[in-house]
Amino acid sequence: MRKQFAKTLLELSDDPELVVMIGDISHYLLRDFQAKHPERFYNMGIAEQAMMSMASGLALAGFFPVVHSITPFVTERCFEQIKDDLCYQEAGVNIVSVGSAFDYAALGCTHHSYGDIAILRSLPRMQVIYPGAPHEFDALFKETYRNGSPTYFRLSVATHSVPTRPKFGEAELLRLGDGVTVIAAGPQLQNAWEAAEELAGEGIRVEIIY
């Protein structure tokens with residue numbers, strides 16, 4: 001998913017209003033964007049709260065910033081800045097995180113983030129996007145990054161392999177059934193799909209909404 005993030009940014013890099021800001025991660029991953037447009041690439045270091053406020057200022061000046069860091073540092077640590085500087089100001093900042101839930105479990109509880117979607121959905125005007133596959137991130141980011149609303153993209157290590165046609169704000173009916181309905185989000189679609197396949201062998205038709 002992170003490779004797709006870098007690829008998508010590079011494809012959009014000639015947009016003069018696209019600015020990328022990182023919290024001292026993904027230097028190598030985003031090196032091509034940085035080399036192509038160093039004037040629109042900033043490594044803010046381990047200062048995520050300042051990075052978020054600066055991104056708000058850039059957005060209010062007409063740019064479309066992309067703020068990137070590990071999930072708890074760019075959501076929970078920055079919650080007040082997201083609330084006051086992004087949502088209350090209606091600033092179109094794109095927050096792209098990596099390491100959702102327990103993806104960085106080996107680094108200890110400081111790197112766990114299982115409440116990010118819940119806390120950000122409590123804020124006014126905040127859009128939350130949880131792509132479950134690389135093609136979904138590509139399509140949804142390109143569709144929304146210039147829409148002027150604060151938007152959170154949650155990138156997970158896990159992905160699914162189910163063909164989907166993502167459209168922002170719309171659910172997709174992927175499988176018809178009349179025995180039970182399962183609503184899945186993000187990479188959990190893979191588990192839902194495999195369970196539906198198994199239950200089909202037992203005569204239970206599972207409807208899946210994504």
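The largest pocket in this predicted model has a volume of about 550 Å³. A pocket here is an open set of points on a 1 Å grid over the protein atoms alone, where a 1.4 Å probe fits, with protein on both sides within 12 Å along at least five of seven lines; lining residues have an atom within 4 Å of a point. Grid points are joined across faces, edges and corners, and the volume is the space filled by probe spheres set on the points.

Of the 22 residues in the lining, Val128, Ile129, Tyr130, Gly169 and Glu170 are the closest to the centre of the pocket. Helix H6 (116-121), strand E5 and helix H7 each give two or more residues to this lining. By residue class, the lining has 13 nonpolar, 3 polar and 6 charged members. In that division Ala, Val, Leu, Ile, Met, Phe, Trp, Tyr, Cys and Pro count as nonpolar, Asp, Glu, Lys and Arg as charged, and the others, Gly among them, as polar.

A word on conventions. Residues are numbered from 1 along each chain as its sequence is written, and side-chain values use heavy atoms, with hydrogens and water left out. Because the model is predicted, local features need pLDDT of at least 70 and side-chain atom pairs count only at pLDDT 80 or more, while totals for chains, interfaces and linings use all residues. Helices (H or I, at least four residues) and strands (E, at least two) are DSSP runs, numbered from the N terminus; two strands pair if DSSP finds at least two bridges between them.

I turn to the sheets. Six strands, in the order E2-E1-E3-E4-E6-E5, form an open sheet with parallel pairing. Its edges are E2 (41-43) and E5 (127-129), each of which pairs on one side only. From one strand to the next, the twist averages 20 degrees.

Ser69 lies in E3 and is buried, with a relative accessible area of 1%. Residues that Ser69 touches include Gly23, Glu48, Val96 and Val98, contact being heavy atoms within 4.5 Å.

Helix H1 (residues 2-11) packs on this sheet, touching E1, E3, E4 and E6, and its direction makes about 160 degrees with that of E3. Axes are lines fitted to C-alpha atoms, for helices over the stretch in contact, and angles run from 0 to 180 degrees between N-to-C directions. In H1, the buried residues are Gln4, Phe5, Ala6, Thr8 and Leu9. Among the elements that cover them are helix H2 (31-36) and helix H7 (134-144).

Finally, an open sheet of 3 strands has the order E7-E9-E8, with mixed pairing. The edge strands are E7 (173-175) and E8 (180-183). E8 and E9 run parallel over 4 bridges, with Val182 partnered by Ile208.

Note on methods. Buried means under 20% relative accessible area, exposed over 50%, partly exposed in between (1.4 Å probe, protein chains only). Lists of a residue's contacts leave out its neighbours within four places in sequence.
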